[in-house]
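Work through these exercises with the structure open beside you. Try each task before you read its solution.

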Amino acid sequence: MSEQARSGLELGADEQLVLFKLLQRWLDDGQGAPIRAAVVDEAELWALNALNNALEQCVSEAFDSDYRSLVEDARARLLARNGGPWPWPR
């Protein structure tokens, strides 16, 4: 499958903002150290970096003065839409 054929990934604005903040913290601020134990191959870090770069082009809120509160609001909406904290009770 070509790279073009796989580019149909769609995420809502809240997911984009929350993922961007998470990946910024892991990859840019932490240089990958916070997730080093979770990856099994360096290529996974590069794939996450590519996702981070793609999100950076979509998330204009990162440059807003109230960025922190926008992230908190997006987190709250995601929790509300998905039934609360992870994981779901079994």
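**Exercise 1.** Which residues make up the largest nonpolar core?

*Solution.* Keep in mind that this is a predicted model. The largest set has twelve residues: L17, F20, L23, L27, I35, V39, L45, L55, V59, Y67, V71 and A74. Step three: assign them to elements. Two or more residues come from each of α1 (13–29), α2 (42–58) and α3 (67–81). The largest share is four residues, from α1.

**Exercise 2.** Name the pattern of elements along the sequence.

*Solution.* Count the elements: three helices and zero strands. Now read along the sequence. The pattern is α-α-α.

**Exercise 3.** Find what Y67 is in contact with, leaving aside neighbours within four places in sequence.

*Solution.* Start at Y67, a member of the largest nonpolar core. Search for heavy atoms within 4.5 Å. Y67 is in contact with L17, F20, K21, E61 and A62.

**Exercise 4.** Describe the protein as a whole: its span, burial, surface and charges.

*Solution.* Take the C-alpha trace. Along its principal axes it spans about 40 × 35 × 30 Å. Next, burial: 20% of the 90 residues count as buried. Last, the charges. There are 9 positive and 15 negative ones, and their mean positions are 6 Å apart.

Note on methods. Residues are numbered from 1 along each chain as its sequence is written. This is a predicted model: local features need pLDDT of at least 70, side-chain atom pairs count only at pLDDT 80 or more; totals for chains, interfaces and linings use all residues. Side-chain values use heavy atoms; hydrogens and water are left out. Buried means under 20% relative accessible area, exposed over 50%, partly exposed in between (1.4 Å probe, protein chains only). Accessible areas come from the Shrake-Rupley method with a 1.4 Å probe; for residues, only the protein chains shown count as cover. Lys and Arg count as positive and Asp and Glu as negative; His and the chain ends are not counted. The place of a charge is taken as NZ of Lys, CZ of Arg, CG of Asp or CD of Glu. A nonpolar core is a set of buried Ala, Val, Leu, Ile, Met, Phe, Trp, Tyr and Cys residues joined through side-chain atoms within 4.5 Å.
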